[in-house]
Amino acid sequence: MTSVTMARPKSPLLSRERIVAAALALVDVHGLAALSTRRLATRLGVSGPSLYNHFATKDDLLEAAADAVIARVDITPLGARPWPEALRAWATSYRRALAEHPNLVPVATQGPGRRPHALRMADAVYGALVEAGWPPREATRIGALMRYFVVGAASGSFAGGFVDDPALYGAHYPHLTDAHRLQAHRREVDEGAFETGLDALVAGLELRFARLRER
């Protein structure tokens, strides 16, 4: 009788990267509450316990997923361009990365914790500001301020909060007679609002920077 030896797969069935990608896809579609070991294992076509070889807990997996989102933020402008231009470019990339995974924003924006990419981003922002001449205390505040602004912009849609029903607004809200049109222009409104706010914020920081330099 001839024995048959099964060839081993060239790469493991599971990897941290594959698990994280599947978790992100699941959360994107169904929300954070839908993420469970059983559901994720089914999606990956593996047994539930095999996931624990890579992530001890669900929280560990969420931390990795959040850091994978932050890894997509472009931090290369920081330190390579004048700080106002660098802040604009970085903030735009930061918002884009978060907006692509809005259901994960509550986790991704809790703070860097021990996440390597999140810590690298915080280090780059703070370092670029200090090297540009901002006092350390001011640089810390600006880093926090930018995070508040970007997270708010990525957390939801202003235009998406209005329903497409002209009758709802016309009778009782005379200044909102065109509000039903916002849904159709959701991206334009939301991105325009972000750009307007970012311009105003950076312009204000430039004035503050000038005053600090005069002292």
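**Notes on the predicted all-chain picture**

1. Residues are numbered from 1 along each chain as its sequence is written, and side-chain values use heavy atoms, with hydrogens and water left out.

2. On to the fold. The protein has nine helices and zero strands (DSSP runs, H or I of at least four residues for helices, E of at least two for strands, numbered from the N terminus). The radius of gyration is 23 Å, well over the 17 Å that the globule rule gives for 215 residues, so the protein is more spread out than a compact globule (taken over C-alpha atoms; the rule is 2.2 Å times the number of residues to the power 0.38). Those C-alpha atoms fill a box of roughly 85 × 55 × 25 Å along the principal axes.

3. What about the inside? Of the 215 residues, 35% are buried, meaning under 20% relative accessible area with a 1.4 Å probe, protein chains only.

4. Finally, the annotation: UniProt, in an unreviewed entry, puts a "DNA-binding region" at residues 36-55; such annotations may be inferred rather than shown by experiment. That span is 40% helix and 0% strand, with its end C-alpha atoms 12 Å apart.

Definitions and conventions
This is a predicted model: local features need pLDDT of at least 70, side-chain atom pairs count only at pLDDT 80 or more; totals for chains, interfaces and linings use all residues. Buried means under 20% relative accessible area, exposed over 50%, partly exposed in between (1.4 Å probe, protein chains only).
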